[in-house]
Amino acid sequence: MSLKDQITEDMKTAMRAKDTERLGTIRLLLAAIKQKEVDERVVLDDAAVVALVDKLIKQRKDSIAAFEQAARQDLADKEAAELKVLQTYLPARMSADEVLAAVKAIVAEVGASGPGDMGKVMGVVKTRLAGKAEMSAVSAAVKAALAG
């Protein structure tokens, strides 16, 4: 079963259980998927859906920080609930050591020698580690691997 099918089944389950918070978040996710498919005239595969979920999670984290700074805990709690639902659709995240090992292997494979090769390495890293690791941590690992 594809990830998109799983999300649709989870929506049906949330409808039957009358779980309005989860249902709202899943509908938001399905709407984002449909919008991307319509805009780009493609059918999203699992990797693209994971990338979209990652983007929505990043938006939720930014919103939580902004709401907490503005002392709007009610809105921050709503975003946190959505964040929790969205995280269930991500594959298991890699640990920092696993990310570093994967980055070092890619650096060796690409033949990168210094900080000037960061773009070349990040292009390969993004395709292989998309959804499996936080991209900010991956970027830091690439910088560290190319520096030393």
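Buried means under 20% relative accessible area, exposed over 50%, and partly exposed in between, with a 1.4 Å probe and protein chains only. This is a predicted model, in which local features need pLDDT of at least 70, side-chain atom pairs count only at pLDDT 80 or more, and totals for chains, interfaces and linings use all residues. Residues are numbered from 1 along each chain as its sequence is written, and side-chain values use heavy atoms, with hydrogens and water left out.

**Whole chain**

Start with everything selected and coloured by secondary structure. The protein has seven helices and zero strands, where helices (H or I, at least four residues) and strands (E, at least two) are DSSP runs numbered from the N terminus. The C-alpha atoms fill a box of roughly 55 × 40 × 30 Å along the principal axes. Of the 148 residues, 35% are buried. Among contacts (heavy atoms within 4.5 Å) with a separation of 6 or more, 58% join residues 24 or more positions apart.

**Helix 4**

Next select residues 73–87, which form helix 4. This helix has 15 residues and reaches 21 Å from its first C-alpha to its last, close to the 21 Å expected at 1.5 Å a residue; the expected span is 1.5 Å times one less than the number of residues. Show the side chains of A76, E79, E82, L83, V85 and L86, which are buried. An α-helix has 3.6 residues a turn, so residues three or four places apart point the same way.

**Largest pocket**

A pocket is an open set of points on a 1 Å grid over the protein atoms alone, where a 1.4 Å probe fits, with protein on both sides within 12 Å along at least five of seven lines; lining residues have an atom within 4 Å of a point. About 290 Å³ of space lies in this pocket, a volume being the space filled by probe spheres set on the points.

Which residues lie nearest its centre? Select D54, K58, A133, E134 and M135, from a lining of 16 residues. Helix 3 gives the largest share, six residues. By class, the lining has six nonpolar, three polar and seven charged residues (Ala, Val, Leu, Ile, Met, Phe, Trp, Tyr, Cys and Pro are nonpolar, Asp, Glu, Lys and Arg charged, the others, Gly among them, polar).

**T127**

Finish at T127, in helix 6 (residues 118–129). T127 counts as exposed because its relative accessibility is 63%. Its C-alpha atom is separated by 9.1 Å from that of A47, 80 residues apart along the chain.
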